[in-house]
Amino acid sequence: MSRHQALLAWALLVLLALGAAQKTEAPSCCSPIVPRNEWGAAASECAQRLNLPVRYVVVSHTAGSTCNAPDSCQQQAQNVQHYHARTLGWCDVGYNFLIGEDGLVYEGRGWNIKGDHTGPTWNPISIGITFMGNYMERLPRARALRAAQSLLACGVAQGALSPKYEVKGHRDVQQTLSPGDQLYEAIRNWPHYRE
Amino acid sequence: MGTAQLRGLLCVLIVSELQGAAESSDSEKCVLAEGETLKVQCPFNIQKHAYSRKAWQRLRDGEEPLTLAVTESTSGNHSRVQTGKVTLEDFPLEAMLLVRMANLQVEDSGVYQCVIYHPLKDPEILFHPVHLVVVKEKQAKGRQVQVPSIRAILRLDLLNTPDPEKKPTQNLPPTTTKASSPQHTPKFNISTSNPTVNLQNVSSIVVPVVCGLLSKSLVFTVLLAVTQKSFG
């Protein structure tokens, strides 16, 4: 009888294991993104949507001031938006996401709206993420690089990015120094980077 | 006017992505009807290849790839070349080669690729090989409903390339290097009745359900056997 009970216990274990295996297929969890209202973004007037899932990600830098803490990064995100929307007259900040060296991701146009970051050919087919700062001479802090990679993983999990998405450096597709020599070398090691 | 002939479809390969693992992961599959136009966007590295010649090739079993068209210009300006039904447009300042293959016929079915053209060296492959399947118009009739909605989606990718339904006069500003200002208004009407989208929804539900049912029934069979044995 005890042998039968053991068998029964094994069968139950198998059942549990199968259940657990199915649960692991659930989308990986996404790190929080600082929403627009939290960093004090002005309302967006953009209407053009992206066709999801997007195949390309273009990584740039702002070549402006860097920021190390939530307060200064929030201010920097506002500055970039002010420049794009007020000075240049665009419908919103140009990037889909902005990464601060505080390790946080600031929501720009998000996953669904076409950005203005890489010209008329690439804007409709890519997500533009930018690192706030100038990365010609130095790398962003590791936490900022981690935040960016985890953002992209989240994009795949949400179905906004194609699972076989390709990362491009801004200088790979436009005549620019962005995203800076140091950051460019770093993203070339990312698994989805394709020259 | 034959609408099929005017119908430009960019195979950006939503379809292939939905078909999942059945296809080789590196090639992009594209199914079009006779008379339609294949459009492919092939990005290249602007630092390396703004001045390189680019080509569109057909792959053949056991033979060298057949070069169907090659761009001539190495001046770094926008250039356009047409060879038979193939049109290549090089946008060097946008790091993009746009390929169009018009008036498709069943015999055009096959595998194609964009390359950086080196006459003496092995070509450098851009984008991914494109696995094109051209079906008869009759078979395509059944797709008539789905074509507009796919087209609406694909149109977005083509936002800034000349629309095949208009005269191809729209050129990109040749010196635009900074980020663009919003100037195009896409027709955006993704239809929820798009069959390819439904296909994905259905398969994404059916597969786990079937797997779940199979595994559960296996476990319960074992359980039943065990209990019968223990009481028998």
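1. Read along its sequence, chain A follows the pattern α-α-β-α-β-β-α-β-α-β-α-α, and its inventory comprises 7 helices and 5 strands. Helices (H or I, at least four residues) and strands (E, at least two) are taken here as DSSP runs, numbered from the N terminus.

2. On conventions, this is a predicted model, in which local features need pLDDT of at least 70 and side-chain atom pairs count only at pLDDT 80 or more, whereas totals for chains, interfaces and linings use all residues. Residues are numbered from 1 along each chain as its sequence is written, chains are lettered from A and ligands numbered from 1 in the order in which they are written, and side-chain values use heavy atoms, with hydrogens and water left out.

3. Of the 195 residues in chain A, 50% are buried, where buried means under 20% relative accessible area, exposed over 50%, and partly exposed in between (1.4 Å probe, protein chains only). Among the contacts (heavy atoms within 4.5 Å) in chain A between residues at least 6 apart in sequence, 72% join residues at least 24 apart.

4. A search of the whole structure finds 4 disulfides over all chains, a disulfide being a pair of cysteine sulfur atoms within 2.5 Å. When the bonded cysteines of chain A are numbered in sequence order, their pairing reads 1-6, 2-5, 3-4.

5. A:Cys30 is joined to A:Cys154 with an S to S distance of 2.2 Å, and this link is right-handed, with 100 degrees about the S-S bond. Because A:Cys30 lies in the loop between helix H1 (2-23) and helix H2 (36-39) of chain A, and A:Cys154 in helix H5 (residues 142-157) of chain A, the pair ties together parts that are 124 residues apart in sequence.

6. The sulfur atoms of A:Cys46 and A:Cys91 lie 2.1 Å apart in a disulfide that is right-handed, with 95 degrees about the S-S bond. A:Cys46 sits in the loop between H2 and strand E1 (54-61) of chain A and A:Cys91 in the loop between helix H3 (70-87) and strand E2 (97-99) of chain A, so this pair ties together parts that are 45 residues apart in sequence. A:Cys46 is buried, with a relative accessible area of 16%, and A:Cys91 is buried at 14%.

7. In chain B, a disulfide with sulfur atoms 1.9 Å apart is formed by B:Cys42 and B:Cys114; it is right-handed, with 60 degrees about the S-S bond. B:Cys42 belongs to strand E3 (residues 37-43) of chain B and B:Cys114 to strand E9 (residues 110-116) of chain B, and the pair thus links distant parts of the chain, 72 residues apart. The relative accessible area is 0% for B:Cys42, which is buried, and 1% for B:Cys114, which is also buried.

8. An open sheet in chain B is formed by 5 strands in the order E2-E10-E9-E4-E5, with mixed pairing; two strands pair if DSSP finds at least two bridges between them. Strand E2 (28-33) and strand E5 (66-70) of chain B stand at the edges, each with a single partner strand, so one side of each is left without a neighbour in the sheet.

9. Within that sheet, E2(B) and strand E10 (residues 124-135) of chain B are parallel over 6 bridges, with B:Glu28 standing opposite B:Val130 in E10(B). E9(B) and E10(B), by contrast, run antiparallel and are joined by 6 bridges, and here B:Val111 stands opposite B:His131. Strand E4 (residues 54-59) of chain B is joined to E5(B) by 4 bridges in the antiparallel sense, B:Ala55 having B:Val70 as its bridge partner.

10. A nonpolar core is a set of buried Ala, Val, Leu, Ile, Met, Phe, Trp, Tyr and Cys residues joined through side-chain atoms within 4.5 Å. The largest has 32 residues, of which B:Leu38 and B:Trp56 touch the most other members, and E10(B) gives the most to this core, with 5 residues. Apart from it lies another core of 27 residues, among them A:Phe97, A:Ile127, A:Ala147 and A:Trp190.
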